[in-house]
Amino acid sequence: MSFLHSVRDIFRGRAMGTAGLIWLCVILFAALAAPWIAPFDPLDIDPVNRLTEPGWPHLFGTDHYGRDTFSRCIYGARMTMLIGLGSVAFALVTGGAVGMLSAYFTRLGNFLMRGIDVLMAFPALLLALVLMTLLERSVVNTIIVIGIVYATTTARILFGMTLKLKREVFIDAAVCSGAGHGSILFRHILPNLISPLLVQASFIFAFAQLQAAALDFLGLGLPPEVPSWGNMLSESRIYVTRAPWLLLYPGLLIILSVFSMNMVGDAMRDSMDPRFKDDIAGV
Amino acid sequence: MLAYTFKRLLALVPTLLAASVLVFLFVHLIPGDPAAVLLGDSATPEDVARLSREMGLDRPIYVQYFIWLGHALQGDFGTSVFFRTPVMDVIAGGAETSILLAVLTMIWIIILGIPIGVMSATRHGSWVDQLASGGAMLFASVPTFWLGLYLILIFAVWLGWFPSSGFPSIHEEGGLLNLRYLLLPSLTLAAPNAALIIRLVRASMLDVQREDHVRTARAKGLHPARVAIKHVFRNALISVAAAFGFTFAALISEAVVTETVFSLPGVGQLVVQSILRRDYPVIQGVILVIVCLYMVINLIVDLAYAWLDPRVSLK
């Protein structure tokens with residue numbers, strides 16, 4: 001079955017999931033084509049036209065430096081995609097490896113999973129905040145920190161799933177036919193975990209957006225000059241009474257993107273292998 | 001049950017110890033001399049040397065850890081660099097606000113989350129259900145600080161119904177009426193969590209509805225409302241109770257943000273301010289206190305779960 005066929009099967013008859021997927025494609029397009037869509041340079045300061053209301057030529061108005069909000073929103077899509085995809089990749093690779101190896105090699109697992117328990121004793125944002133104090137504000141560090149936070153949950157989920165798979169007859173068969181550890185892990189266990197991993201990825205993507213926005217807002221996320229939706233909200237919060245629209249657009253963009261990702265996750269979970277359905281929790 | 005409680009309590013100790021190691025190492029992981037880090041930029045070399053001696057930084061690191069842990073166990077996390085008062089006093093100063101905020105938030109979560117969840121499940125598939133589930137999903141996608149800022153704008157600035165920020169203690173003038181300062185913050189904090197509870201109540205009620213004992217109850221002619229409440233809802237509450245530990249974690253995380261938005265003098269804002277001020281003794285103390293609290297709440301939730309559903313402790 002080709003990739004497009006499986007996408008079609010997942011989203012057929014799931015209107016909300018499809019709408020979510022379309023919106024995410026729009027964001028992805030905006031992120032890729034930002035320099036061609038954005039009418040202004042997102043960093044261009046124009047003190048004469050500061051805090052102007054939405055209209056022409058500034059569709060979403062301008063901020064306290066006179067920068068064009070619409071262009072900054074478009075460029076913000078890049079950060080959204082970068083932070084989302086980056087932290088998902090980090091969480092799935094590290095958390096996935098820890099979870100799978102822990103379930104497969106029980107003795108190693110006793111040790112590694114206790115470490116995960118310790119990290120999970122810290123509430124998510126608190127762990128991110130503590131880690132950010134040790135690191136400088138940068139895009140890569142934000143991705144790593146959010147990635148670590150969600151690597152813990154991913155590890156725990158994959159640990160449970162791998163344990164279930166390990167008891168299946170086809171694994172016994174692989175062992176009997178002389179397959180090595182690497183072959184069992186990568187050829188027999190991992191392919192069965194791909195669809196739950198994708199579902200998990202969509203929920204991490206959604207959560208990561210909210211966490212990144214919160215970090216930006218607290219002044220501990222991306223560097224302040226980076227045009228991200230979280231930074232835009234953080235900067236314009238003191239102008240909320242004078243220019244409420246400044247908060248409106250980046251906020252709505254965050255909400256729509258998180259909502260869409262959750263919808264896509266839900267649609268994917270509903271069409272997933274029933275064995276694992278209880279293991280993955282979305283919003 | 002007693003054996004299970006004891007076992008769970010015992011299992012808490014190593015995790016807590018490991019968490020304390022992390023919190024302790026945290027200051028040592030920051031590049032530079034911990035004494036200089038603790039004292040901040042304005043410290044003189046003499047101050048740094050004196051604190052180094054006092055902190056016993058010349059001793060092996062594990063000795064330092066045990067000394068620190070010994071003090072921490074007695075509630076002594078050192079002195080705040082910023083306030084120049086004991087860290088425990090600083091934390092205690094924020095406790096009232098944060099505890100009241102948590103209580104009010106929990107009330108909102110329960111009075112909003114549970115009835116809407118039940119309604120959504122009993123009218124599964126209807127427009128009420130779709131509206132409630134869609135709304136819940138939407139609210140779970142809203143950044144808390146964004147919601148908070150707009151609530152301030154609408155209810156405090158435009159309508160003038162509630163104060164926009166701060167919280168005088170309920171022991172000060174105004175007494176319990178001062179709780180109105182916490183109304184918007186608690187609503188902000190409750191929104192995403194109530195959304196979560198709505199989804200959970202709905203999902204677990206739909207699960208229970210499929211069970212045999214519910215069919216039996218219906219078959220013997222019980223009133224649908226009675227079946228919904230006594231047979232479905234009560235059993236569904238078990239898994240909802242289990243989720244309260246998770247909710248509490250989300251609450252702590254979001255309280256940090258919400259207290260910052262509303263400038264509340266609580267523990268959450270203390271975390272952020274201490275991080276921005278590089279007040280490391282306070283960061284260490286407050287993080288350790290929150291982790292302990294979080295683990296104890298999780299334990300209570302798990303025990304309540306085992307008590308409600310005896311099958312759990314037998315596993």
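Mentor: Helices (H or I, at least four residues) and strands (E, at least two) are DSSP runs, numbered from the N terminus. The model is predicted: local features need pLDDT of at least 70, side-chain atom pairs count only at pLDDT 80 or more, and totals for chains, interfaces and linings use all residues. Residues are numbered from 1 along each chain as its sequence is written, with chains lettered from A and ligands numbered from 1 in the order in which they are written.

Trainee: How far apart are the end C-alpha atoms of residues 243–265 of chain A?
Mentor: An unreviewed UniProt entry lists residues 243–265 of chain A among its "transmembrane region" spans. This span is 91% helix and 0% strand, and its end C-alpha atoms are separated by 35 Å.

Trainee: What separates the end C-alpha atoms of residues 95–301 of chain B?
Mentor: UniProt (unreviewed entry) places "domain: ABC transmembrane type-1" at residues 95–301 of chain B. The span is 79% helix and 0% strand, with an end-to-end C-alpha distance of 21 Å.

Trainee: Which residues of chain A contact Ile204(A), leaving aside neighbours within four places in sequence?
Mentor: Contact means C-beta atoms, placed from the backbone, within 7 Å. With those neighbours left aside, the partners of Ile204(A) are Ser87(A), Val88(A), Ala91(A) and Tyr150(A).

Trainee: How many residues on the side of chain A that touches chain B are nonpolar?
Mentor: In all, 32 residues of chain A are in contact with 35 of chain B. Helices α5 (106–120), α6 (124–134), α9 and α11 (245–270) of chain A each supply at least two residues of that side. Nonpolar covers Ala, Val, Leu, Ile, Met, Phe, Trp, Tyr, Cys and Pro. Besides five polar and two charged residues, the nonpolar ones number 25.

Key: UniProt positions are given in the numbering used here, feature names are shortened, and annotations may be inferred rather than shown by experiment. Two residues are in contact if their C-beta atoms, placed from the backbone, lie within 7 Å.
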